[in-house]
Amino acid sequence: MRHRCKLNLIINYKPRLKNTDMLRERLSPADLALYQKQGYLVIQGFCRPDEVNKLYQTALDDDAMRKNALDLNDQSGKKTRLSLWFTPGNDVFGYLTRSERMISSVAQVLDGDSPVCHFHSKLMQKEPKVGGAWEWHQDYGYWYKNQFMFPDELVSVMVALTDANKQNGCLQVIKGSHKLGRVNHGFAGEQVGADMVMVDNALKTMELVYVELEAGDALIFHSNLLHRSEANLSDRPRWSIISCYNLQSNLAYNETSTAWKVPVDVVPDSAIMDWEAVSLSDADFLRKENDPALKETGWEK
């Protein structure tokens with residue numbers, strides 16, 4: 001059963017908002033209680049169809065996405081592709097990740113006194129028939145290597161750019177698994193994967209949920225939520241953008257990028273459609289060799 005909430009968008013904005021300004025609360029107390037209970041929350045219609053079309057077309061047309069895509073092999077050797085960048089800019093994806101609807105929702109679920117910062121965003125590209133799987137993991141299984149101190153001050157928001165369902169390898173989550181704390185992770189192919197003994201125990205104890213989304217829906221999920229996805233063996237692509245946020249109070253002692261400690265410069269929701277957008281060619285994309293999560297530290301053995 002899918003638990004969903006509706007996000008109420010507002011039309012009139014001042015030209016630009018500061019991160020410290022009072023943002024309109026978009027999520028209800030019931031939504032927040034559900035997020036705390038199960039570790040995730042689905043928001044229907046987070047982006048309108050015209051916004052999704054513009055984002056998806058940009059992902060297809062902007063050469064920077066293709067040139068900076070990383071291929072990561074799953075355990076079967078299938079490739080999953082992602083393009084990851086740190087600083088949100090004046091491109092359409094930057095306008096989404098900096099939007100008032102996004103930052104207000106993130107601020108509510110993180111529920112802290114510090115400003116919201118953007119850690120990174122990544123475009124996930126699962127092509128028909130060839131898109132690889134993501135092994136069971138927690139995001140904090142990666143970010144622990146970046147030495148972020150507090151997993152409760154980290155969150156991810158996935159916006160579906162195409163429909164996501166069981167057929168094309170939608171995200172699977174173990175409901176409530178964020179309450180386990182950090183699970184040990186090692187390498188699974190070129191990915192970082194969770195200890196499968198703990199995953200199997202979690203699957204015996206908690207509910208497995210296939211998070212099926214329509215294009216424009218969003219999934220907000222905790223950094224310790226166990227999740228995975230199957231390979232895309234369908235004839236339809238599954239593309240999404242996942243933006244990851246951090247509270248400025250949450251220090252990272254092994255992270256060379258700086259976006260994680262810079263408060264987001266919030267823009268109106270209307271910026272995606274109405275503001276002039278630049279290319280992503282100047283974005284600070286991640287290089288595989290620079291990712292601390294893909295380097296051995298010794299505790300993976």
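I noted the basis of the entries. The model is predicted, so local features need pLDDT of at least 70 and side-chain atom pairs count only at pLDDT 80 or more, while totals for chains, interfaces and linings use all residues. Residues are numbered from 1 along each chain as its sequence is written, and side-chain values use heavy atoms, with hydrogens and water left out.

I checked the exposure of M149. M149 is partly exposed, with a relative accessible area of 45%; buried means under 20%, exposed over 50%, and partly exposed in between (1.4 Å probe, protein chains only).

I then turned to the strands. An open sheet of 4 strands has antiparallel pairing and the order β6-β13-β8-β11. Its edge strands, β6 (134-137) and β11 (208-211), each pair on one side only. Two strands pair if DSSP finds at least two bridges between them.

I looked inside this sheet. Strand β8 (residues 171-174) and strand β13 (residues 227-229) run antiparallel and are joined by 3 bridges. V173 stands opposite H227 in β13.

I also looked up β5. Strand β5 (residues 116-126) is mostly covered, with 11 of its 11 residues buried. β5 pairs with strand β14 (residues 238-247) in the antiparallel sense over 10 bridges. I found C244 in β14 as the bridge partner of H120.

Notes
Helices (H or I, at least four residues) and strands (E, at least two) are DSSP runs, numbered from the N terminus.
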